[in-house]
Amino acid sequence: MTPEPAVAAAIALVVGLCVGSFLNVVVHRLPKMMEREWRAQCAELRGETVPDENPPRYNLAVPRSACPACGHRIGALENIPIVSWLALRGACSACRKPISARYPLVEALGGLLAAYAIWHFGPTWKGASACVLLWALIALTFIDFDTQLLPDNLTLPLLWGGLVANLFGLFVSLQDGVIGAIAGYLALWLVYWLFRLIRGKEGMGYGDFKLLGALGAWLGWQMLPLIVLLSSVVGAAIGITLMVFKGRDHNVPLAFGPYLAIAGGIALFFGPAIVKGWYL
């Protein structure tokens, strides 16, 4: 029996909060894991001994999460999404150093977006697939904000996931998804090379091509113009806000991935209605 929409959304909220807690681990550790791998590869290319790392094993599972200030191991009761942060008043229980409010923010985003996806699409494979897409976009957004990197470990599985979802026609036809993946990648690839030829420098990273290709694979080529337009509007608004209120140097590059991710989320929920409204 299909659960009631409100019950299904509530379950999705709880699951999404837990996934959001894991996304915090992904956002923090995945770039560090990539750096370790790069150092090892560089050492091998130079014929040197691979450097010892501390801790020796470092991935999404080990070591256990700990306070970066004092090394206090975070127990299960201190790792309950949002609740633990509020109970601890946003500080480590051992050293009382502040814990960034971004941790509960990511958890809340994971829960609320999942709940809305299940409410919007229903407790179906489409709704569950939308949750996976949104969780991946959350991780990519915060990683790109921190490092200006969009890891292949996330963008490439996301692209293939979109094609698999549309193999069953969950969002668009498989043909539209394949064309969307190709067109999404090539669109920003062409912009990249035109900008580089005209200005003599890079205007975006290769990860942006892959992310737009992944969004095209999920939502189809028809949504690509809307995603590009929305990402430009969101990026301009945030960039101007940062320059006005935080005095950010306009010559300092901004990560474009978060704006693509935000635009992709908007297109997921409201894209067909927006495109239909434009057409009418």
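Is tyrosine 192 buried or exposed? Tyrosine 192 is buried, with a relative accessible area of 1%. Here buried means under 20% relative accessible area, exposed means over 50%, and partly exposed lies in between (1.4 Å probe, protein chains only).

The model is predicted; local features need pLDDT of at least 70, side-chain atom pairs count only at pLDDT 80 or more, and totals for chains, interfaces and linings use all residues. Residues are numbered from 1 along each chain as its sequence is written, and side-chain values use heavy atoms, with hydrogens and water left out.

Aromatic rings were examined in pairs. Rings of Phe, Tyr and Trp (its six-membered ring) pair if their centres lie within 6.5 Å; planes under 30 degrees apart count as stacked, over 60 as edge-to-face and the rest as tilted. By this rule there are 13 aromatic pairs. In one of them, the ring centres of tyrosine 192 and tyrosine 206 are 5.4 Å apart and the planes stand at 70°, so the pair is edge-to-face. This pair links distant parts of the chain, 14 residues apart: tyrosine 192 is in helix 6 (residues 174–199) and tyrosine 206 is in helix 7 (residues 206–219). Helices (H or I, at least four residues) are DSSP runs, numbered from the N terminus.

Tyrosine 206 is partly exposed, with a relative accessible area of 38%. Tyrosine 206 also pairs with phenylalanine 209; this pair is tilted, at 4.9 Å centre to centre and 45° between the planes. The two residues, tyrosine 206 and phenylalanine 209, are three apart in helix 7, so about one helical turn separates them. Phenylalanine 209 is buried, at a relative accessible area of 0%.

Elsewhere, ring pairs join Tyr116, Phe121, Phe171, Trp218, Phe269 and Phe270 into a cluster. A charge also meets a ring. The charged end of arginine 29 sits over the ring of tyrosine 58, 5.4 Å from its centre. The rule is that NZ of Lys or CZ of Arg is within 6 Å of the ring centre and within 35 degrees of the ring normal.

Helix packing comes next. Two packed helices are described by the angle between their axes and the distance between the axes. Axes are lines fitted to C-alpha atoms, for helices over the stretch in contact, and angles run from 0 to 180 degrees between N-to-C directions. The axes of helix 6 and helix 7 come within 6 Å and cross at roughly 155°. Helix 6 and helix 7 are therefore roughly antiparallel to each other. Angles under 35 degrees count as roughly parallel, over 145 as roughly antiparallel, 65 to 115 as roughly perpendicular and the rest as oblique. The crossing of helix 6 and helix 7 is right-handed. A crossing is left-handed if the near helix is turned anticlockwise from the far one by less than a right angle, and right-handed if clockwise. The residues in contact include Gly180, Gly184 and Tyr192 of helix 6 and Tyr206, Phe209 and Gly213 of helix 7. Contact means heavy atoms within 4.5 Å.

Helix 3 (residues 102–121) and helix 4 (residues 125–147) have axes that come within 8 Å and cross at roughly 155°. These two, helix 3 and helix 4, are therefore roughly antiparallel. Their crossing is right-handed. Among the residues that meet are Leu109, Leu113 and Phe121 in helix 3, and Leu134, Trp135 and Phe142 in helix 4.

Helix 4 also packs with helix 7, at an angle of about 165° and with the axes 12 Å apart. Helix 4 and helix 7 are therefore roughly antiparallel. The crossing of helix 4 and helix 7 is left-handed. Ser129 and Leu133 of helix 4 are among the residues that make the contact, as are Leu215 and Trp218 of helix 7. Serine 129 is buried, with a relative accessible area of 13%. Beyond its neighbours within four places in sequence, serine 129 is in contact with Leu170, Phe171 and Trp218.

The loops hold some backbone features. The peptide bond from asparagine 54 to proline 55 is cis, with omega near 0°. The bond from valine 62 to proline 63 is also cis, with omega near -5°. Proline 63 lies in the loop between helix 1 and helix 2. Arginine 89 is not a glycine, yet its phi is positive, near 55°. Arginine 89 is exposed, with a relative accessible area of 75%.
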